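Okay, thanks everyone, I'll keep this short.

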Amino acid sequence: MTRIKMAGRIFLNVAFILSLPVMVMAGKLDPMGEIPHPADNPGTPAKIELGKKLFFDRRLSGDGTMSCATCHDPQQGFGDGLDISQNYPTTRNWRNAPTILNVAFVNHLFHDGRSATLEEQALVPMMSAFEMNQNLDYVEEEVRSVPEYVDEFTVVFGDGDITRQRIGMAIAAFERTLVSRDTQLDRVLQGEKNVLSPEAEKGYALFTGKGRCTQCHYGVGLSDNSFHALQVKENPEHLTDPRIAATRRFVAKINGYAEYRTLAEDPGRYLMTKSSEDWKAFKTPTLRDIAITGPYMHNGVYANLDEVIEFFNAGGGEGNSALQPLHLTGEEKQQLRTFLEQGLAGAPIEFSYPKIP
Ligand code: HEC
Ligand code: HEC
């Protein structure tokens, strides 16, 4: 009896020591729970419905060709399926359109975290010269000229005044409802047994163990809501398309980057903080529903999950100090991919397209 106990204790100690470096760094995974609607913008059904209409309304763009859904398309995992996102005619975008699934759980919006709330974020693409290129005074008048919208704003906000702030509030309330529910991981975390396939089960162990993924991808949204310089390679188009160069210099200039004319790469979070450790640092994105939200990374440079796993396995991009090589076998890479694809896929979102007034 004693001997068995002893053996057990020794075994435990060895296992503990072996797993120590991983355990110390790993963050805790949490299942999907209540959607955090802020107190100053509660998500009432009427507001969510109004926000949905605005999200799909092409009036929000300068030339009336684009809505938010153009680049955050429900058929494309609420991204646009392109490496570098779409753009206002004659311009070119410079980054990948992230999914807006689960943005309710994102504390810093955009790849460089430049918006803190969805309410404020919604106005940015409307104003952006290379996205919707719309004038906000004009869009207020445009929406105000539609009697159905005046009625709906009255129901939602108590009077028919249509302001940019209220447009942002309604869109934000709608966006918060887009969450991936009932993933296999959620069920595992809630204590259900035998949820994952044997292959995905092994991938899950790699995700939390040898792969060190939960060092940064944890919590409900599978993100630490922080920024890391992984030195993802540049998208080749950044070097060859002068329109992308124009966009990059423009964004750098309006964010107070002095040498914007000679800037040849995406400085990431640095543009916001001007702190050297943020040079080329980007936000840790959510991994929920990752199978349907490619291409991947801030510049869409990886077309599929195999390429992303290869990147992490190699210890990230040249010169980074955030990651180490993982030495995963071919089989392990496969298992990790199976977990990402199957374990993190949400139940299909019940979705109906609104009728635009
Ligand atoms: C022309 C394409 C395009 C349009 C139109 C567009 N977006 Fe985006 N969206 C993007 C790109 C690209 C990014 C990432 C930009 C960056 O990080 O600099 C983004 C980022 C976001 C994010 C941040 C997500 C995150 O995880 O950080 C949200 C939320 C969002 N968009 C909502 C909207 C809303 C609401 C609208 C309509 C008012 C809209 N977008 C219109 C391309 C677009
Ligand atoms: C040091 C923190 C860190 C660790 C560890 C880490 N990631 Fe990431 N991950 C990030 C950041 C930051 C990005 C975004 C990089 C960019 O946009 O250039 C990212 C991007 C991704 C993406 C692309 C998401 C998208 O929508 O574009 C996937 C997939 C991913 N990681 C999976 C993993 C897996 C699997 C592991 C473990 C093998 C892992 N990550 C480990 C920080 C980390």
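So, how far does a polar side-chain atom of H72 lie from a nitrogen atom of ligand 1? That distance comes out at 2.9 Å. Keep in mind that this is a predicted model.

Let's stay with H72, which sits in the loop between α3 (68-71) and α4 (118-121). The iron atom of ligand 1 gets a single donor from the protein, and that's NE2 of H72, at 2.1 Å.

Now the rest of the surroundings. There are 28 residues around ligand 1, and the ones that come nearest are C68, C71, H72, F110 and K283. For K283, a polar side-chain atom is 2.6 Å from an oxygen of ligand 1. As for helices, α3, α4 and α8 each put at least two residues into the shell around ligand 1.

That brings me to α8, which spans residues 164-176 and holds E175. This is the one I'd like you to look at. Is E175 buried or exposed? Buried, and yet E175 has no salt bridge. The nearest side chain of opposite charge belongs to R176, and that's 7.3 Å away. So what does E175 touch, once we leave aside neighbours within four places in sequence? The contacts are F55, I100, V103 and L118.

Okay, that's my bit. Over to you.

How values were computed: Residues numbered from 1 in each chain as written. Chains lettered and ligands numbered in written order. Predicted model: local features only at pLDDT ≥ 70, side-chain atom pairs only at ≥ 80, totals over all residues. Heavy atoms only, no water. Donors = N, O, S within 2.8 Å, 3.2 Å for Na, K, Ca; no water. Helix = DSSP H or I, 4+ residues; strand = E, 2+ residues; numbered from the N terminus. Buried < 20%, exposed > 50% of the residue type's maximum accessible area, 1.4 Å probe, protein only. Lys, Arg positive; Asp, Glu negative; His and termini not counted. Salt bridge = Lys/Arg side-chain N within 4 Å of Asp/Glu carboxyl O. Contact = heavy atoms within 4.5 Å. Near = heavy atom within 4 Å. Polar contact = N/O pair within 3.5 Å; in protein donor to acceptor, adjacent residues only side chain to side chain.
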